[in-house]
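Colleague: I have not looked at this one before. Can you take me through it, starting wherever you like?

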Amino acid sequence: MNFAKGLYQRFSSLLHELTKFGTIGAIAFVVDTGLYNVFLALGMGPLTSKVAATVISATFAYLGNRFWTFRHREQSGLGREYFLFFLLNGIALLFGLLTIGFTKYTLHLHDLLSLNIANFIGVGLGTLFRYWSYKKWVFLEATEPIPTELPGVKQDR
């Protein structure tokens, strides 16, 4: 029991961060997949649908990750973070575009199920890249401890 408690204490920060990242990611996945299918139903091509759905879901993911998942990390400027976030999402989008493009244009599978499986695989690969890259370049470790209370505010005792 002490071993499990020690492991939890050692990795609790990472576990909480991964849980929050996963929650935001799951919601963004639902937004992305839902919009991808809506855009396909509206007659947009699969690659155009993927790009449009990703831009919208990535905007949601940025806000969720900045203000919830990684709020304890240093803020290096909204413009810098937003630019890097979308640059890295653009790279992660390539995983989705490659899997969808391969499925449609190489395997000649045009049905909705095949395109959604390709999308799912691309999102999975992109998610691994995004988690690693966000921590490394976008949401940096805090250089100073973040205060737990507002400066200058006295608590009643």
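**Arginine 80 and onwards**

Modeller: Leaving aside neighbours within four places in sequence, arginine 80 is in contact with Trp137, Val138 and Leu140; contact means heavy atoms within 4.5 Å. This is a predicted model, in which local features need pLDDT of at least 70, side-chain atom pairs count only at pLDDT 80 or more, and totals for chains, interfaces and linings use all residues. Residues are numbered from 1 along each chain as its sequence is written, and side-chain values use heavy atoms, with hydrogens and water left out.

Colleague: How many residues apart in sequence are arginine 80 and valine 138?

Modeller: They are 58 residues apart in sequence, and 8.0 Å apart in space, C-alpha to C-alpha.

Colleague: What follows helix 3?

Modeller: Histidine 108 follows helix 3. Its phi is positive, about 55°, although histidine 108 is not a glycine. Histidine 108 is in the loop between helix 3 and helix 4 (112-138), and it counts as exposed because its relative accessibility is 54%.

Colleague: Switching topic: how do helix 2 and helix 3 cross?

Modeller: Their axes come within 9 Å and cross at roughly 145°. Axes are lines fitted to C-alpha atoms, for helices over the stretch in contact, and angles run from 0 to 180 degrees between N-to-C directions.

Colleague: Which residues make the contact?

Modeller: Those of helix 2 include Lys50, Val51, Thr54 and Ala58, and those of helix 3 include Glu81, Phe85, Leu93 and Leu97. The residues of this contact divide into 15 nonpolar, 5 polar and 4 charged. Ala, Val, Leu, Ile, Met, Phe, Trp, Tyr, Cys and Pro count as nonpolar, Asp, Glu, Lys and Arg as charged, and the others, Gly among them, as polar.

Colleague: Is lysine 50 buried or exposed?

Modeller: Lysine 50 has a relative accessible area of 3%, so it is buried. Lysine 50 is in helix 2 (residues 46-69).

Colleague: What does the side chain of lysine 50 make a polar contact with?

Modeller: The side chain of aspartate 32, at 2.7 Å. A polar contact is a pair of N or O atoms within 3.5 Å; within protein, one must be able to donate a hydrogen and the other to accept it, and residues adjacent in sequence count only if both atoms are side-chain atoms.

Colleague: And the protein chain: how many helices and strands?

Modeller: The protein chain has 4 helices and 0 strands. Of its 157 residues, 34% count as buried.

How values were computed:
Helix = DSSP H or I, 4+ residues; strand = E, 2+ residues; numbered from the N terminus. Buried < 20%, exposed > 50% of the residue type's maximum accessible area, 1.4 Å probe, protein only.
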